[in-house]
Amino acid sequence: MNGRNNMDNTVIKIRDAVVSYREDVALQGVSLEVRKGEFIGIIGPNGAGKTTLLTVINGLGKLVHGQAWVLGSLLNGRGGSNLRKRIGYVAQVENIDPRLPINVRETVMVGCYGRLGLFRRPTRAQWETVDKVLEMVGMAHLSQRPIGHLSGGEYQRAAIARALVQQPEILLLDEPTASIDKKAQGEILNLIQLIHKEYHMTTLFVTHDLRTLPSICQRLILMKDGRIWQQGSPESMLKEEVLSQLYEAPASVPTEIVPLQT
Amino acid sequence: MDFSILQYHFMQNAILAGLFGGITCSVVGVFVVTMHLSFIGVCIAHAAFAGALLGLWLGFNPLIGALLFSLASAAIIGPVADRGELNPDTSIGIVFSLMLGLAFLFMGLMPGARTEALNLFWGGILTVTQQDIIFLAVITGVIGGLVAAFYKEIQAVICHREVALAVGIPATIIFYGLLFSTGVTITASLQSIGGLLIYSLILNPAAAAYQLTYSLKRMLLIAVAFGVISCWVGLLASYFFDIPSGAAIVITSAIIFGLATAFSPKRKVKGWQQAPLAG
């Protein structure tokens with residue numbers, strides 16, 4: 001019975017996953033289980049397979065070997081869009097065309113479109129939800145601004161708002177604080193932690209920069225060369241000798257990982 | 001102005017062709033311009049042209065040739081551009097030059113006077129038939145209906161396809177739907193605007209509208225207005241100054257683009273770009 005209880009609580013289960021892009025093997029035999037409500041940090045050097053691991057979870061990365069169950073369904077490379085409706089994804093800031101004809105409120109509403117389905121228009125209640133979430137992430141005053149006119153930090157707030165209106169069961173954050181300034185990084189990290197505290201969504205947070213690791217992390221996964229190299233509690237992993245081996249360069253333990261300010 | 005020309009049957013046909021052609025070309029133009037895929041559109045246009053010439057040479061309906069070639073080119077270019085194995089510029093450039101090569105090959109192989117083939121080059125909005133107009137009208141209706149039905153998905157896909165995919169929108173199907181719509185639109189407008197000129201009517205009104213607004217709905221309306229105005233003004237110019245109609249339409253649309261750019265409120269946008277991506 002104990003095993004069964006474990007099953008019910010497991011939202012992600014990956015067994016021996018291998019993913020390759022042309023000749024490169026991006027993941028070589030990764031196994032991972034994630035329980036409902038966990039906040040997991042995934043760290044490692046560039047090219048370690050962190051982003052690929054996230055794409056396996058949302059069904060966009062194709063397994064050449066191994067199996068993955070996410071939210072109760074076995075991924076088989078097809079019909080992934082139904083799964084993606086239940087998974088929020090925030091990527092790192094990208095360069096976008098400042099002339100793009102879509103504003104903040106509209107781009108946040110896109111989060112609802114998957115669940116809403118084809119041929120149905122957003123309802124007034126959904127627009128109200130969008131406005132409420134914009135308020136929560138501190139973007140209400142920018143709701144009519146074209147997304148191409150946002151700063152990096154504002155753009156990420158909008159991306160997080162979009163993931164929230166999706167009401168996801170899993171939240172995937174792929175370097176959400178890369179290439180934004182330090183102050184905005186702190187604000188975004190704080191927002192992410194507040195959201196986890198409020199909604200307890202299962203969250204996977206990928207970063208190559210140890211200084212942007214939220215303190216709320218319950219488990220740290222260290223990836224290297226397409227494999228999970230080590231994993232454990234942040235206390236046991238954030239040690240100089242472990243990190244130096246991981247990055248193959250002298251690495252210092254961040255003096256403090258980003259605390260939650262309420 | 002003397003409006004007695006409107007009494008001529010051929011002029012009424014031309015005005016209708018300009019209306020429907022202007023609407024559909026501008027609508028699909030908004031999609032390719034927003035996706036920054038203008039060159040894919042150029043390529044599809046030339047494929048349609050080559051297909052039509054193949055039809056003329058082998059004696060089947062040129063529209064069928066145009067449709068097959070434009071859809072096939074969209075089906076080839078889409079994945080190549082997506083997979084990133086070759087630089088999209090390179091692969092699209094190769095398909096584009098191949099299509100132009102095929103067009104000239106089919107023309108060279110064609111026996112006889114080639115008047116019809118040259119018509120496909122320049123288009124003849126003043127000589128469109130009732131049948132051409134009905135075809136254009138049906139395509140306009142279908143594309144308009146599809147845009148209305150899938151508006152929210154289309155907006156998500158053309159503005160940020162990765163995001164659309166990640167929230168569970170069938171982004172790939174919508175993307176290919178847009179490319180195929182471009183192929184169908186080009187096919188339907190080939191007779192009236194001409195293979196070499198059709199693309200300007202797709203690109204110019206949409207690019208002009210892109211300069212003027214941040215709202216997709218408004219952009220669609222402005223582009224459609226510019227497209228229809230280009231057709232009608234070009235048509236009148238062609239009649240009064242006795243110049244080729246297709247050329248007059250394209251030049252009008254280019255002038256509208258020039259004016260829109262000159263008066264664009266988005267010119268200030270440069271300042272935004274220079275500002276660092278920072279908090």
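Colleague: What makes the place of A:Lys50 a helix?
Modeller: A:Lys50 lies in helix α2 of chain A, residues 50-57. Helices are DSSP runs of H or I with at least four residues, strands are runs of E with at least two, and both are numbered from the N terminus. The run 50-57 is therefore called a helix. This is a predicted model, in which local features need pLDDT of at least 70 and side-chain atom pairs count only at pLDDT 80 or more, while totals for chains, interfaces and linings use all residues. Residues are numbered from 1 along each chain as its sequence is written, chains are lettered from A and ligands numbered from 1 in the order in which they are written, and side-chain values use heavy atoms, with hydrogens and water left out.

Colleague: Why is A:Lys50 called buried?
Modeller: Buried means under 20% relative accessible area, exposed over 50%, and partly exposed in between, with a 1.4 Å probe and protein chains only. A:Lys50 has 5%, so A:Lys50 is called buried.

Colleague: Which residues is A:Lys50 in contact with, leaving aside neighbours within four places in sequence?
Modeller: Contact means heavy atoms within 4.5 Å. With those neighbours left aside, the residues in contact with A:Lys50 include A:Ile42, A:Pro45, A:Glu175, A:His208 and A:Met223. A:Asp131 is 81 residues from A:Lys50 in sequence, and their C-alpha atoms are 33 Å apart.

Colleague: What makes A:Arg219 and A:Glu38 a salt bridge?
Modeller: A salt bridge needs a side-chain nitrogen of Lys or Arg within 4 Å of a carboxyl oxygen of Asp or Glu. The side chains of A:Arg219 and A:Glu38 meet at 2.9 Å, N to O, so the pair qualifies. A:Arg219 lies in strand β9 (residues 219-224) of chain A and A:Glu38 in the loop between β2 (24-35) and β3 (39-43), so the pair ties together parts that are 181 residues apart in sequence. A:Arg219 is buried, at 13% relative accessible area, and A:Glu38 is buried too, at 5%. A:Arg35 is linked with A:Glu38 and A:Arg219 in a network of salt bridges.

Colleague: How many salt bridges are found over all chains?
Modeller: The search of the whole structure finds ten.

Colleague: What makes a set of residues a nonpolar core, and which members touch the most others in the largest?
Modeller: A nonpolar core is a set of buried Ala, Val, Leu, Ile, Met, Phe, Trp, Tyr and Cys residues joined through side-chain atoms within 4.5 Å. In the largest, of 137 residues, B:Phe31 and B:Leu53 touch the most other members. Helix α2 (residues 38-58) of chain B gives the most to this core, with 13 residues. Another core, of 29 residues, lies apart from it, and A:Ile12 and A:Leu172 are among its members.

Colleague: Is B:Thr34 buried or exposed?
Modeller: B:Thr34 is buried, with a relative accessible area of 1%. B:Thr34 has its place in helix α1 (residues 9-34) of chain B. Not counting residues up to four places away in sequence, B:Thr34 touches residues including A:Leu100, A:Pro101 and B:Tyr210.

Colleague: What lines the largest cavity?
Modeller: A cavity is a set of points, on a 1 Å grid over the protein atoms alone, where a 1.4 Å probe fits but cannot get out, and lining residues have an atom within 4 Å of a point. The lining residues include A:Ile160, A:His196 and A:Thr203. By class, five are nonpolar, two polar and none charged.

Technical notes:
On a 1 Å grid over the protein atoms alone, a cavity is a set of points where a 1.4 Å probe fits but cannot get out, and a pocket is an open set with protein on both sides within 12 Å along at least five of seven lines; lining residues have an atom within 4 Å of a point. Ala, Val, Leu, Ile, Met, Phe, Trp, Tyr, Cys and Pro count as nonpolar, Asp, Glu, Lys and Arg as charged, and the others, Gly among them, as polar.
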